[in-house]
Amino acid sequence: MFYICLDIDGVKKYLYNWRVAVYLPDYARTFPTRFAAQRYMKGKQVAREHAWWVVKME
């Protein structure tokens, strides 16, 4: 599964939905592929305001 990590004010968080980020990946939104995660972030305001990257966890 792939997750989107965000750097919000120096704190690493995982994306839950387009406006909420959580500390634990257990509650974060999962994506089947890296490309699906990137496609989801395209055009989102949070993607323009904060650094983000895709992480693979199993």
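Let's start with a word we'll need: a residue is buried when its relative accessible area is under 20%, exposed when that figure is over 50%, and partly exposed in between, using a 1.4 Å probe and protein chains only. Tyr40 makes a handy test case: its relative accessibility is 16%, so Tyr40 counts as buried.

Before going further, keep in mind that this is a predicted model, in which local features need pLDDT of at least 70 and side-chain atom pairs count only at pLDDT 80 or more, while totals for chains, interfaces and linings use all residues. Residues are numbered from 1 along each chain as its sequence is written, and side-chain values use heavy atoms, with hydrogens and water left out.

Now for the sheet. Helices (H or I, at least four residues) and strands (E, at least two) are DSSP runs, numbered from the N terminus, and two strands pair if DSSP finds at least two bridges between them. Here four strands make an open sheet, ordered S3-S2-S1-S4, with antiparallel pairing. Strand S3 (21-22) and strand S4 (51-56) each have a single partner strand and stand at the edges, so one side of each is left without a neighbour in the sheet.

Let's walk along it. Strand S1 (residues 2-8) pairs with strand S2 (residues 11-15) in the antiparallel sense, over four bridges. Next, a hairpin with five residues joins S2 to S3. These two strands run antiparallel and are joined by two bridges, with Val22 in S3 as the bridge partner of Tyr14.

Sitting in strand S2 is Lys13, and it's a curious one. Leaving out neighbours within four places in sequence, Lys13 is in contact (heavy atoms within 4.5 Å) with Ile4, Cys5, Leu6, Ile8, Ala21, Val22 and Tyr23.

Look for Tyr23 in the loop between S3 and H1; with a relative accessible area of 56%, Tyr23 is exposed. Even so, Tyr23 touches Val11, Lys12, Lys13 and Tyr14, not counting residues up to four places away in sequence. Between Tyr23 and Cys5 there are 9.6 Å, C-alpha to C-alpha, though they sit 18 residues apart in sequence. The loop between S3 and helix H1 (34-41) is also the place of Asp26, which is exposed, with a relative accessible area of 65%. The C-alpha atoms of Asp26 and Tyr16 are separated by 9.9 Å, and the two residues are ten apart along the chain.

How about the rings? Those of Phe, Tyr and Trp (its six-membered ring) pair if their centres lie within 6.5 Å; planes under 30 degrees apart count as stacked, over 60 as edge-to-face and the rest as tilted. The count comes to two aromatic pairs. Tyr3 and Tyr14 form an edge-to-face pair, 6.3 Å centre to centre with 75° between the planes. That pair links distant parts of the chain, Tyr3 in strand S1 and Tyr14 in strand S2, eleven residues apart. Both Tyr3 and Tyr14 are buried. Phe31 and Tyr40 form a tilted pair, 5.4 Å centre to centre and 50° between the planes. Phe31 counts as buried, at 4% relative accessibility.

Some charges sit over rings, meaning that NZ of Lys or CZ of Arg is within 6 Å of the ring centre and within 35 degrees of the ring normal. Lys44 lies over the face of Tyr40, 4.4 Å from the ring centre, and Arg34 lies over the face of Phe35, 4.3 Å from the ring centre.

Finally, how many salt bridges does the structure hold? There is one, and it brings together the side chains of Lys56 and Glu58 (3.6 Å, N to O). Both Lys56 and Glu58 are exposed.

Definitions and conventions:
A salt bridge is a side-chain nitrogen of Lys or Arg within 4 Å of a carboxyl oxygen of Asp or Glu.
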